[in-house]
Amino acid sequence: MQDDSQQFMRQCLDLATSALNSGNPPVGALIVIDGKIIGTGIESGKSTGDITNHAEILAIRDALKNGHADKLHLAQLYTTHEPCIMCSYMIRHHKIGTIIYGTSVPYVGGFTSKYNVLATEDVPKWGSKPKVISNVCLKECNELNAQFQELLNKD
C-alpha cells in the first residue's frame, strides 16, 4: 500500500479518536481526489441523536458542500470501518470509485454482510461496483473499537 494511503488512514484514525472522545463509535472518514482531501467526516450519530451522521456520509456531504459533486466518481473514500448499508447506498449513488477501510462490520456492512450494497451490480443506474480494499490499519481500528466497547460496558 502506498505511503499516501497509510497517511490518509492515519488521519482517519485521528478523526476516529475524536469521535470516540465525544462518546461516538470510533469512525473517521476522508474523501480524497488526486492526493487532496476534499471532504472529512467524524462519526457523531450518538452525540447528535441523528443516526445519519455517520463519518462516511458526513465526509461525502463535506465534499459536496466544497463543490466536488461532479468529481466524486474519481474519489477514494478512506474510513476506519467498513461502510454500513446506509453509507454504502450513498457511496453507490455518488459513484465513488474506491473504498479503503480498516475493520469489517459483519452484520450491517455494505461489503461483507449479506446486504452487500457495495458489491452488487443489480442496480443499473449505479454502474460498476467500486474497488474495495479492506483491513488497512486493522490493528489500530480494532484497538479503538475495544476502547469504545469498554466505554459501553461502563454505562
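Student: Two strands pair if DSSP finds at least two bridges between them. How many bridges join strand β1 to β3 here?

Tutor: This is a predicted model, to begin with. In it, β1 (residues 28-33) and β3 are joined by 4 bridges, and the two strands run antiparallel.

Student: Which residue does V32 stand opposite in β3?

Tutor: V32 has Q76 opposite it.

Student: And β3 with β4, do they pair in the parallel or the antiparallel sense?

Tutor: Parallel, over 5 bridges. Among the facing residues, L77 has I99 in β4 as its bridge partner, and H81 stands opposite T103, also in β4.

Student: How many bridges join β4 to β5?

Tutor: β4 and β5 are joined by 3 bridges and run parallel. There, T98 stands opposite K131 in β5.

Student: What do β3, α4 and β4 make?

Tutor: They make a β-α-β unit, and it is right-handed.

Student: How many residues of β3 are buried?

Tutor: The count for β3 is 5 of 6, so the rest of the structure largely encloses this strand. For β4 the count is 6 of 6, and that strand is mostly covered.

Student: New topic. How many aromatic pairs does the structure hold?

Tutor: It holds 2 aromatic pairs. In one of them, the ring centres of F8 and Y78 are 5.2 Å apart.

Student: Why is that pair called tilted?

Tutor: Because the planes of the F8 and Y78 rings are at 45 degrees. A pair counts as stacked under 30 degrees and as edge-to-face over 60, with the rest called tilted.

Student: Where in the chain are F8 and Y78?

Tutor: F8 is in helix α1 (residues 3-21) and Y78 is in strand β3 (residues 76-81). They are 70 residues apart, and their pair links distant parts of the chain.

Student: Buried or exposed, those two?

Tutor: Buried, both F8 and Y78.

Student: What about Y89 and W126, how far apart are their ring centres?

Tutor: Those centres are 5.6 Å apart, and the planes are at 75 degrees, so this pair is edge-to-face.

Student: Which parts does that pair tie together?

Tutor: Y89 lies in helix α4 (residues 85-93), while W126 lies in the loop between β4 (98-103) and β5 (131-133). The parts tied together are 37 residues apart in sequence.

Student: What are the relative accessible areas of Y89 and W126?

Tutor: Y89 has 45%, so it is partly exposed. W126 has 8%, so it is buried. The cut-offs are under 20% for buried and over 50% for exposed, with partly exposed in between.

Student: Why mention the glycine part?

Tutor: Because most residues other than glycine have a negative phi.

Student: OK. Where is D34 found?

Tutor: D34 sits in the loop between β1 and β2 (36-42). With a relative accessible area of 76%, D34 is exposed.

Student: And what is phi near for K95?

Tutor: Phi of K95 is near 60 degrees, again positive in a residue other than glycine. K95 is found in the loop between α4 and β4. Its relative accessible area is 39%, so K95 is partly exposed.

Key: Residues numbered from 1 in each chain as written. Predicted model: local features only at pLDDT ≥ 70, side-chain atom pairs only at ≥ 80, totals over all residues. Heavy atoms only, no water. Phe/Tyr/Trp six-rings, centres within 6.5 Å; stacked < 30°, edge-to-face > 60°. Buried < 20%, exposed > 50% of the residue type's maximum accessible area, 1.4 Å probe, protein only. Right-handed = clockwise from strand over helix to strand, strands pointing away.
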